[in-house]
Amino acid sequence: MNIKQLEVLRTLLATGSTIATAKTMGLSQSGVSRLLQQLEADLSMSLFVRDKGRLIPTPEALLLARDAETILLAVDRMSGHAEDLRSGAAGPEIVRVGLPSSMWEHFAPAMLADYISDFPGVRIETFFETTTAINKLVEQRVIDFGFLRMEGESGPGIEVERVATGESVCVVPKDHPLAKLEEITVRNLRDVPLILIGRQRPNRMALDQTFRRAGVKQIVKIETHTNSSACSYVAHGLGVTIISSFYANLYRHLPVVHRPFVPRASQEFGLARAVGTPLSIAAHALSDALKRQIQLSQKIKYLAGTPTRT
């Protein structure tokens with residue numbers, strides 16, 4: 001197995017044909033077919049089904065493509081570093097950070113504006129992913145560090161510093177009858193359209209169990225996968241959502257309010273990095289900028305946590 005074979009797999013999935021792949025990669029069609037056949041032989045499995053001249057990816061191909069993408073990202077990073085070394089290391093240093101998808105809209109731009117004022121020569125690459133994906137990117141050294149929710153999912157080679165906490169809140173439109181309550185219980189949500197996040201994730205399963213124990217049937221109007229979209233849907237009057245106050249505080253500019261959700265539950269958030277790999281000065285400064293932005297967004301001081309190894 002080699003890098004060119006993985007590039008063929010990625011490009012075939014993107015283009016859907018050997019002709020388009022050959023054109024994109026500057027190869028002959030027969031060269032693309034040969035590389036694909038070699039990859040299938042190396043893996044001892046078929047990655048595409050041939051149907052009337054079309055290539056249809058198998059489920060196995062789609063799963064392996066994720067690993068291929070991670071490998072190719074790492075190769076790209078190495079190639080970029082080598083280019084800097086060849087040019088006398090005169091180019092800007094690169095810092096790569098992973099953040100939850102719900103932090104792209106306001107949090108990340110404010111954090112980077114603060115950071116770039118002190119480090120104008122550093123190039124930053126941001127990855128917006130799930131907690132599981134950020135853990136993987138840190139473990140594989142694709143990113144320098146990542147901010148994530150601490151859910152007991154960190155790998156053995158990852159160190160996590162707790163930097164923030166949150167509590168479950170119910171986010172409702174400002175003019176909603178529930179906004180008049182000081183706190184909102186499960187029973188208050190009977191027959192109320194819900195916007196819920198993260199099906200099959202631990203926090204969502206715990207929430208579903210809370211409704212079952214209270215004997216309240218959920219009226220799920222919208223399933224979504226980011227806190228930002230959930231808050232935006234609430235602002236448009238499509239329902240109410242239950243999320244961590246940490247994320248709710250990032251969207252106080254919307255016409256919504258949040259009230260404590262009962263039964264109460266807390267969440268912890270941290271900065272994850274690979275064990276035994278010190279951050280560069282530039283990366284450490286970016287983590288400090290992230291902590292400062294947490295202070296501003298939450299209007300509380302971040303927790304100076306002791307790193308925990310998981």
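**Exercise 1. Which elements do the buried residues of α8 pack against?**

Before we start, a word on the model: it is predicted, local features need pLDDT of at least 70, side-chain atom pairs count only at pLDDT 80 or more, and totals for chains, interfaces and linings use all residues. Residues are numbered from 1 along each chain as its sequence is written, and side-chain values use heavy atoms, with hydrogens and water left out.

*Solution.* 
- Step 1: find the helix. α8 covers residues 227-235; helices here are DSSP runs of H or I with at least four residues, strands are runs of E with at least two, and both are numbered from the N terminus.
- Step 2: pick out its buried residues. These are N227, S228, S229, A230, C231 and V234. Buried means under 20% relative accessible area, exposed means over 50%, and partly exposed lies in between (1.4 Å probe, protein chains only).
- Step 3: list the partners. The buried residues of α8 pack against the strands β6 (158-173), β8 (193-197), β9 (219-224), β10 (240-244) and β11 (256-262), and against helix α9 (245-248).
- Step 4: G237 follows α8 and has a positive phi, near 75°.

**Exercise 2. Describe the surroundings of T18.**

*Solution.* 
- Step 1: T18 belongs to helix α2, residues 18-25.
- Step 2: With a relative accessible area of 15%, T18 is buried.
- Step 3: collect its contacts, meaning heavy atoms within 4.5 Å. Not counting residues up to four places away in sequence, T18 touches L12, Q29, V32, S33 and L55.
- Step 4: look for a polar contact, which is a pair of N or O atoms within 3.5 Å; within protein, one must be able to donate a hydrogen and the other to accept it, and residues adjacent in sequence count only if both atoms are side-chain atoms. The side chains of T18 and Q29 make one at 2.9 Å.
- Step 5: T18 and G53 are 35 residues apart in sequence, and their C-alpha atoms are 9.7 Å apart.

**Exercise 3. How many salt bridges does the structure hold, and which parts of the chain does the pair D144 and R77 link?**

*Solution.* 
- Step 1: recall the idea. Side chains of opposite charge can pair when their charged atoms come close.
- Step 2: apply the cut-off. A salt bridge needs a side-chain nitrogen of Lys or Arg within 4 Å of a carboxyl oxygen of Asp or Glu, and the structure holds 13 of them.
- Step 3: take the pair. D144 and R77 meet at 3.4 Å, N to O. The pair links distant parts of the chain, 67 residues apart: D144 sits in the loop between α6 (131-139) and β5 (145-149), and R77 in helix α4 (residues 59-86).
- Step 4: D144 is buried at 19% relative accessibility, whereas R77 is partly exposed at 24%.

**Exercise 4. Work through the salt bridges of K291 with E161 and of R204 with E223.**

*Solution.* 
- Step 1: K291 and E161 meet at 3.1 Å, N to O. K291 lies in helix α10 (residues 281-298) and E161 in strand β6, 130 residues apart. Both residues are buried.
- Step 2: in the salt bridge of R204 with E223, the closest N and O atoms are 2.9 Å apart. R204 is in helix α7 (residues 202-214) and E223 in strand β9, 19 residues apart.
- Step 3: R204 is buried at 5%, while E223 is partly exposed at 31%.
- Step 4: salt bridges that share partners join R204, D208 and E223 into one network.
- Step 5: leaving aside neighbours within four places in sequence, R204 is in contact with L196, I197, G198, R199 and E223.
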